[in-house]
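Colleague: I have a structure open and a few questions about it. Can we go through them?

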Amino acid sequence: MNDETVLNDLAPAAEKLLERHLGVAKEWFPHDMVPWSLGRDFIEGEEVELPAMDEGVRSALFVNLLTEDNLPYYFNDIERMFGSDGAWGTWVRRWTAEEGRHSIVIRDYLTVTRQVDPIALERGRMEQVSGGVTPHPATVADGLAYLAMQELATRIAHHNTGKALTDKAGYEIMKRVAADENLHYLFYRDIATTCLELDPSGTVMAIERQVLGFDMPGTGIPNFTNHARAIAKAGIYDLVIHYETILVPLIRRQWRLTELEGLDGEASAAVERLERYMARLAKVAERMKERAADRGADAEQPAVEPIGALAG
Ligand SMILES: [Fe+2]
Ligand SMILES: [Fe+2]
């Protein structure tokens, strides 16, 4: 099915899911959550002293915020795919406004608590946004599959970052943001599921492409590979988490690709390849968990791999 037909056929579902979203999304205010009393002036030319913390957690804060900052390019991509009319357009603009709230609250929180160097952060933002690197899914179905995975991954990464923080305000902020990401995830998960019903073979092919090529949003952030490694080491987002909390719930429990009927030859072959990939990931995840358990207190070697370690 071509993209125009897919979008038209999905429009009633998009409208229902948009209404559901607007019904459950709660209004909240970044300024209510930031511990302003901890803030003080920055002195020009003076190096900012950062509090001691796990570098992986600091990397996660840095990457999480810069990803939210890259919003103009995500908006651009999503509006290009879905268009600006009707429920699709309303959704895209609403989504953008909500994501903007995330960068506001995380930036204010980090500026007040000085957990990330504000100069590195601003330079990183300039570099990231000036580069304008975002994924460019080839079809609407590719976009839906990618966004479902990406919103779920972001929810998990934000929540795990919050759990790794030592203060309550930080935990509450990341939990609040993760709750928004969960609603975004539910929109994309359910619209992608409807897409699978409308065009099973085309959507299966898209899911395969997006699962095999998935990268956390963040490519384009300076030094992203090192940050991703540190984030994995801190247990915030790694291959095991990606497999167990993103791929298994979506592919096995939600989309149930192996149970689909009426797939064409190419799509059936794609399901088989995906099954082999999932089996391989399951083994790697098991091995990584065993290695981490064996190593125990030995912190010398990285316990986990970032996702992308299996790429190629
Ligand atoms: Fe967000
Ligand atoms: Fe989101």
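Colleague: Is Asn223 buried, exposed or partly exposed?
Modeller: Asn223 is partly exposed, because it has 14 C-beta neighbours inside 10 Å. Here 20 or more other C-beta atoms within 10 Å means buried, 12 or fewer means exposed, and partly exposed is in between, with C-beta atoms placed from the backbone. This is a predicted model: local features need pLDDT of at least 70, side-chain atom pairs count only at pLDDT 80 or more, and totals for chains, interfaces and linings use all residues. Residues are numbered from 1 along each chain as its sequence is written, and chains are lettered from A and ligands numbered from 1 in the order in which they are written.

Colleague: Where does Asn223 lie?
Modeller: In the loop between helix H9 (200-212) and helix H10 (224-233); helices are DSSP runs of H or I, at least four residues, numbered from the N terminus. Asn223 is not a glycine, yet its phi is positive, about 65 degrees.

Colleague: And what about the phi of Arg256?
Modeller: Arg256 has a positive phi of about 40 degrees and is not a glycine either. Arg256 is exposed, since 11 other C-beta atoms are within 10 Å.

Colleague: New topic: which residues of H1 are buried?
Modeller: Val6, Leu10, Ala14 and Leu17. Their cover includes helix H5 (86-113), H7 and helix H8 (168-198), going by contacts (C-beta atoms, placed from the backbone, within 7 Å).

Colleague: Where does H1 bend?
Modeller: At Ala11, by about 45 degrees, and Pro12 follows within four residues. The bend is the angle between axes fitted to the seven residues ending there and the seven starting there.

Notes: Helix = DSSP H or I, 4+ residues; strand = E, 2+ residues; numbered from the N terminus. Contact = placed C-beta atoms within 7 Å.
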